[in-house]
Amino acid sequence: MPSQFRRYEERLRHQQQQLERSLLTAVEQGRQTVAEDTPDVADQAVLSYQKEMIFSQGTEGHNQLSLVRLALERLGEGSFGECLHCGQAIGEKRLEALPWTPYCIECQEKVESGEIDDMVRAA
Ligand SMILES: [Zn+2]
């Protein structure tokens with residue numbers, strides 16, 4: 001592994017642990033919310049809103065966790081730091097801010113605008 005990537009590895013592992021922990025909490029909260037019995041209609045509206053919030057938090061966490069895991073895998077393979085789509089080196093500032101990003105800034109914009117398929121989420 002190139003030495004400049006070692007510090008990212010530590011940050012990624014830390015991020016992975018945090019995400020795994022917060023996802024477990026989200027699942028726990030979701031279970032508790034579902035288990036509660038509330039006949040009141042207003043309460044049910046609040047509950048379904050809460051469930052949705054927990055669900056979307058969980059989904060987002062899952063997506064990020066997949067990215068973090070992928071980045072760690074790519075660190076191991078030696079392809080970390082290369083854009084998954086175009087193969088160009090991802091800028092160091094970008095990696096510094098988002099060490100789990102699989103795309104360079106140009107491809108990220110294209111993924112967000114739907115111009116190219118998100119190879120990570122499609123998988
Ligand atoms: Zn790219």
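Helices (H or I, at least four residues) and strands (E, at least two) are DSSP runs, numbered from the N terminus. Residues are numbered from 1 along each chain as its sequence is written. This is a predicted model: local features need pLDDT of at least 70, side-chain atom pairs count only at pLDDT 80 or more, and totals for chains, interfaces and linings use all residues.

Me: What pattern does the protein follow along the sequence?
Reply: The protein has 5 helices. It has 0 strands. Read along the sequence, the pattern is α-α-α-α-α.

Me: In which helix is Glu-10 found?
Reply: Gln-4 sits in helix α1, which covers residues 3-35. Glu-10 is also placed in a helix, and that helix is α1.

Me: Is Glu-10 buried or exposed?
Reply: A residue is buried if 20 or more other C-beta atoms, placed from the backbone, lie within 10 Å of its own, exposed if 12 or fewer, and partly exposed in between. Glu-10 has 10 C-beta neighbours inside 10 Å, so it counts as exposed.

Me: How far apart in space are Gln-4 and Glu-92, C-alpha to C-alpha?
Reply: Gln-4 is exposed because it has 10 other C-beta atoms within 10 Å. In sequence, Gln-4 and Glu-92 are 88 residues apart. In space, their C-alpha to C-alpha distance is 9.6 Å.

Me: How far apart in sequence are Glu-10 and Leu-72?
Reply: Glu-10 lies in helix α1. Its C-alpha is 9.6 Å from that of Leu-72. Along the sequence, the separation is 62 residues.

Me: What percentage of the residues in the protein are buried?
Reply: The protein has 123 residues. The buried part of them is 16%.

Me: Which helix has the lowest mean pLDDT among the elements?
Reply: pLDDT is the predictor's confidence in each residue, from 0 to 100. The protein's mean is 86, and 88% of its residues reach 70 or more. Helix α4 (residues 105-113) has the highest mean among the elements, 95. The lowest, 70, belongs to helix α5.
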